Amino acid sequence: MKNKLSLTVLTLGFTFLYLPIALLIGYSFNESRLVTVWSGFSTKWYGELFADRQMMDAVWMSLKIAMSAATAAVVLGTLAAFTLIRFGRFRGHTLFGGMINAPLVMPDVITGLALLLTFVAMGQVLGWPQDRGALTIWMAHVTFCTAYVAIVVSARLKEMDASLEEAALDLGAPPFKVFWLVTLPIIAPSLAAGWLLAFTLSMDDLVIASFVSGPGSTTLPMVVFSSVRLGVSPKINALATLIVAVVAIAVLVAWWFARKAEKEQARA
């Protein structure tokens, strides 16, 4: 009885989570322009999606910003994590930790408005940035993505056995070599997880990007939101299907590499 109840709850949970995605994928192959009326199988909306210059420009813009913002966030977040975990209790430690964690709990509307006012003040006082565009979106995304990376890396550093680094130092290895050959491989999974998390958050951001963007710097969520307000287009379903496919392939590849590493470790 208990197993049947667990199976029922599990089935209902997965249905609630994945049935909307399955419907979205199915209707992306609908020939009709009406997304709720099935009129036959067709892949024409994928062709129209790739022919939509505005949509493709927005995809490319979002990818560039997300990749560069995630990379910068990993660097800054790792430095912040090392400062919090490895430098002990210095003056301002609590304040520094609170400032790092603040973007995690700050509403996106407040963050976007604050960044907008900051960029406007910088433009008036320093003359830079003169206009809002891809650069200001990138700076805004780095600002809030750094907090997430810092949290992920800090958790890994707390669990790391410091005696491994101490042993390498006792054997005569310089600090940089210890970091490169001992510390970095151990925290590498957290760096990869932080990068993926920051990339996803940047690709998904709508509110903050709407505040700090300008003409010619429209991201994919902004284009999708504008399109959906006028009515759901089958091209949006096709785009979402492609994103789901890419994510699924990435997850499968990551799972395959993780399983391979576990087998090699068990064999060793």
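Guide: Let us begin with Ile249, which lies in helix H11. The model is a predicted one.

Visitor: What makes Ile249 exposed?
Guide: Exposed denotes over 50% relative accessible area. Ile249 has a relative accessible area of 54%, and therefore it is exposed. In sequence Ile249 is 87 residues from Ala162, and their C-alpha atoms are 36 Å apart in space.

Visitor: Val251 lies in helix H11 too. Why does Val251 count as exposed?
Guide: The threshold is again over 50%. The relative accessibility of Val251 is 51%, so Val251 counts as exposed. Between Val251 and Leu196 there are 11 Å in space, C-alpha to C-alpha, and 55 residues in sequence.

Visitor: Why does His93 count as buried?
Guide: The cut-off is under 20%, and His93, at 13% relative accessibility, therefore counts as buried. His93 is found in helix H4, residues 93-105. Apart from residues up to four places away in sequence, Leu84 and Gly88 are touched by His93.

Visitor: And why is Met106 described as partly exposed?
Guide: The class lies between the limits of 20% and 50%. With a relative accessible area of 37%, Met106 is therefore partly exposed. Met106 is found in the loop between H4 and H5. Phe144 is 38 residues from Met106 in sequence and 9.5 Å from it in space, C-alpha to C-alpha.

Visitor: What is the peptide bond from Trp128 to Pro129, cis or trans?
Guide: The bond from Trp128 to Pro129 is cis, with omega near -5 degrees. Pro129 lies in the loop between helix H5 (108-125) and helix H6 (134-159).

Visitor: What is the secondary structure of the protein as a whole?
Guide: The protein has 11 helices and zero strands. From the N terminus on, its elements run α-α-α-α-α-α-α-α-α-α-α. Along the principal axes, the C-alpha atoms fill a box of roughly 70 × 65 × 35 Å. Of the 268 residues, 33% count as buried. Among contacts with a separation of 6 or more, 68% are between residues 24 or more positions apart.

Visitor: How is the packing of two helices described?
Guide: The angle between the axes and the distance between the axes describe two packed helices. For H10 and H11, the axes come within 11 Å and cross at roughly 145 degrees. The crossing of H10 and H11 is left-handed.

Visitor: Which residues of H10 and H11 meet?
Guide: From H10, Leu220, Val224 and Ser227 meet Ile236, Leu239 and Ile243 of H11. By class, the residues of this contact are five nonpolar, one polar and no charged.

Visitor: How does one find out where empty space is left?
Guide: A probe the size of a water molecule, rolled over the atoms, shows where empty space is left. In this model, the largest pocket has a volume of about 860 Å³.

Visitor: Which residues lie nearest the centre of the largest pocket?
Guide: Of its 25 lining residues, Phe199, Met203, Leu220, Ile243 and Val247 lie nearest the centre. Helices H2 (44-51), H3 (53-86), H8 (175-204), H10 (220-229) and H11 (234-267) each supply at least two residues of the lining. H11 provides the largest share, nine residues.

Visitor: How does the lining of the largest pocket divide by class?
Guide: The lining comprises 23 nonpolar residues, one polar and one charged.

Notes
Residues numbered from 1 in each chain as written. Predicted model: local features only at pLDDT ≥ 70, side-chain atom pairs only at ≥ 80, totals over all residues. Heavy atoms only, no water. 1 Å grid on protein atoms, 1.4 Å probe; cavity = no way out; pocket = protein on both sides within 12 Å on 5 of 7 lines; lining within 4 Å. Points joined across faces, edges and corners; volume = space filled by probe spheres on them. Helix = DSSP H or I, 4+ residues; strand = E, 2+ residues; numbered from the N terminus. Nonpolar A, V, L, I, M, F, W, Y, C, P; charged D, E, K, R; others polar. Axes fitted to C-alpha atoms, helices over the stretch in contact; angles between N-to-C directions. Left-handed = near helix turned anticlockwise from the far one by under 90°. Contact = heavy atoms within 4.5 Å. Buried < 20%, exposed > 50% of the residue type's maximum accessible area, 1.4 Å probe, protein only.
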